[in-house]
Amino acid sequence: MSCFEGRSEIRTMHSSHAAVELRDVSFKYEYGGEWALRGVDLTVREGEFILVTGPTGAGKSTLGLTICGLVPNFIDGTFNGEVQIIGRTMNRSTFRDLALSVGIVWQNPENQLFGLTVEEEIAFGLENMGLPERDIEERLEWALSAVGMSAFLEKSPYELSGGQKQRVAIAAVLARHPAILVLDEPTAELDPQGRDDVVKVVEHLRKSEKITIIMIEHRLEELMEYVDTAYLMEEGRVSVQAHPTIFFAEPDQLMERGVRPPQVTEFFARARRCDERLVGKKAPLTLSEGIEIFEPLIAESKKKEENPLEHISGSMESEAIHGKPAISAQDVFFSYPDGTEALTSIDLTIHSGDFVGIVGQNGSGKTTLVKHFNGLLKPTKGTVKVFDDETTMLSVAELSKRIGYVSQNPDYQVFSKSVLEEVAFGPRNLKLPEEEANRRVEEALKAMRILHLRDKNPLFLSRADKQKVVVASALAMEPQVLVLDEPTNALDFIEATNLLSLIEDLNRAGRTVVLVTHDMLLAAEHAREIVVMSQKRIIAHDTPRKIFVRAQILRQASLRPPQITQMAMSLSHLGFPSSILSVEEMTQAYRKFIRR
Amino acid sequence: MIMPFFFASIITCIVTLAIVVVFLMLAQVPFRAVKPFTSIFYTLVPMMMIAWVFFSRHGTTIFAYGPISVTDEGIFSGALNVVKLVVMVLATGLLLTTTSQRDIIAGFRKLKLPYSLCLMFALALRFIPSVYNDYEQVKSAQMSRGFEFEKEKLVTKAIKFTTILIPMLVISIQKVEYLSIALDSRGLRLGRNVVRTFYKDPQLNSREYGVLGSAIMLVIAILTFKYVFHVLL
């Protein structure tokens, strides 16, 4: 409670001047079909940190582009309404001046960096302003130190990690001294460490430079500490605008609308149904607020009975029954032709029927490892066996009958005029009889629930549907093992859950699944085995329940357990079971605990 | 790099090729550094050979069947164009492996070329490795679906190339869109009246000006021979 009062005090200290004001703004892309924005009203005060969230296609990115003036002054379409930046109306003649006040950073850092060195990258925006050399140097140094990247001046942006690249992108915008910073899913492609880095930099800029922050995101856990006002966008409209505590008061409703609240908030809402002590309390938004609320309640329950219930965690552990080895790597080393080592001493066995999550930081070697499974890469030293056959003895095409590999971005493979043809590409390459090929295609489409899309052009589908098409394409080969490389990267919460439940069905039907991800929530909820990679090595391989309580191993890999696991661990000194993997489990454990 | 376009004799081409190779060796450029550039041979050379050798209508016909006709001139121009391609690609490789992009652009600007042109060239160069990387990724994705590019016959190879080409085009268009927004959001303005400064602008020394001058002279000489004296080199 107290922290929220403090926050509103800070807000009243800001000037009453609006940094951004949108009045009844509508926009339709020239080639877009539907209206992307439908009468948006939005007022952001100077120095405010706002969160814009909502399902894919709600118009969040268009809103960001509108605030920085690129819509409609650079991107064509039909525009109605008015945009004011710091009291001045944005139009064709003021757009160039006002654009200086607004900086934008978006999802993929590679798409926004084009310089050869970090220095050049940042100098570019300043050269465009016509600044003298001395000013450029000053601003360059200031911007880099503000994002903590001063040591990387001479580096090529390509050599940096995802989080570092994103910080350079922020510095490049920052150096132009914007009053407002728009960040469009800046952390979607980053690992937990990278996400933390970016969010901390953004908050630092708001505090010390008084920059107004407009954060467009659907991963909320790291942000909730800082957000002043949260906006929900749906179908081009702002449908909810509220202080975070009010915004998240009914987490269930938000989840139905495609927004995943922080896990502690979701847990609170569920726990409230079985514990009347929580009724009337404000929902926690951060881990520490969650612990603050639940610690006394659990301590109170504990007093009733002295011996803690060990069996809660014990009963939840189901012993894995292993099938025969499907993939086994023995002492595998891999170096790229230019000599960079990418895998070091990998020993790994994946059994038939398993659901294995491979987690690790960006660049830890996850993708390189799974590319060995279907022979796209062959080990420099050591052996990789797929059902008793060494991958060096078989071609990728032969291996593709056993191992279905779905790469990160569906745009890297979709090429056909229809979904049907796209999915039939694989079976045709196998030179299967027409009838058999058709049967497989139909089954794959059914399994991914996209039979109704069969005649649509896959190039114009939504990202979530495209993702299903590429999984179906791999399924049509009828492989025993399905390898998915970051399949949920660009999906929102509902889309990701939906896709993974289909994948779980496949696994239940007997297919081995290997899921590469840096999303610990997904790994914890779906995988039955976790492989942790760090710096080209496997540093741990165990069940999620055992992995996620080993904070040290995770820290070594710059990862961290899901928020709900962290919360359970912080409550374990009161006898609460610590090995909790999902909100569902946490709720069950809590219910049992308080009813003893 | 683009000079071979103006060459008509295979001998001139081979001489140029030799010069480029000697320069590559003098600069001690390892083969793997040039490899990304040479990878386009695998697809372009067969396609060029098909186009020139089998579908040429000029010269004495050696063999003809339906729309296919093999002529002596066809074979010759096929060979000539392949050598031209090799020279162009290796010369590009030589330039890019020995000179930093920043220096190339600085050189361009010292020639008083407009900034928009220099920037365009810089961005094109910057995207070469990224296009190569995209190509590798698309190829891997299609191979994972049982596609055997290497095993295909020449003709079907050209047709099946669409399985790689279409994703490449889609990705390139996306990248260009993002790039244009990125450039614009950093306040890029082009035109005569735009004030733009250059941070840490490198200065050319007299030797560099000398080399630059003689290169320009050489280009002018070749063009003069071709268009003024109609002597084909």
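In what order do the 6 strands of the open sheet in chain A run? View 2 gives the order, β16-β17-β18-β13-β19-β20.

This is a predicted model, in which local features need pLDDT of at least 70, side-chain atom pairs count only at pLDDT 80 or more, and totals for chains, interfaces and linings use all residues. Residues are numbered from 1 along each chain as its sequence is written, with chains lettered from A and ligands numbered from 1 in the order in which they are written.

**View 1. Domains of chain A.** Domain 1 covers 1-101 + 212-247, domain 2 covers 255-317 + 546-596, and domain 3 covers 405-478. Bounds come from an automatic or database domain assignment. The C-alpha centres of domains 2 and 3 lie 41 Å apart.

**View 2. The open sheet of chain A.** Pairing is mixed; two strands pair if DSSP finds at least two bridges between them. Strands (E, at least two residues) and helices (H or I, at least four) are DSSP runs, numbered from the N terminus. β16 (403-406) and β20 (537-542) are the edges, each pairing on one side only.

**View 3. β13 and β18 of chain A.** Residues 355-360 and 512-517 pair in the parallel sense over 5 bridges. Val356(A) has Val514(A) as its bridge partner.

**View 4. The chain B side of the contact with chain A.** Chain B gives 38 residues and chain A 46; contact means C-beta atoms, placed from the backbone, within 7 Å. On chain B, α9 (162-185) is among the helices that each supply at least two residues. Its share is the largest, 13 residues.

How values were computed. Two residues are in contact if their C-beta atoms, placed from the backbone, lie within 7 Å.
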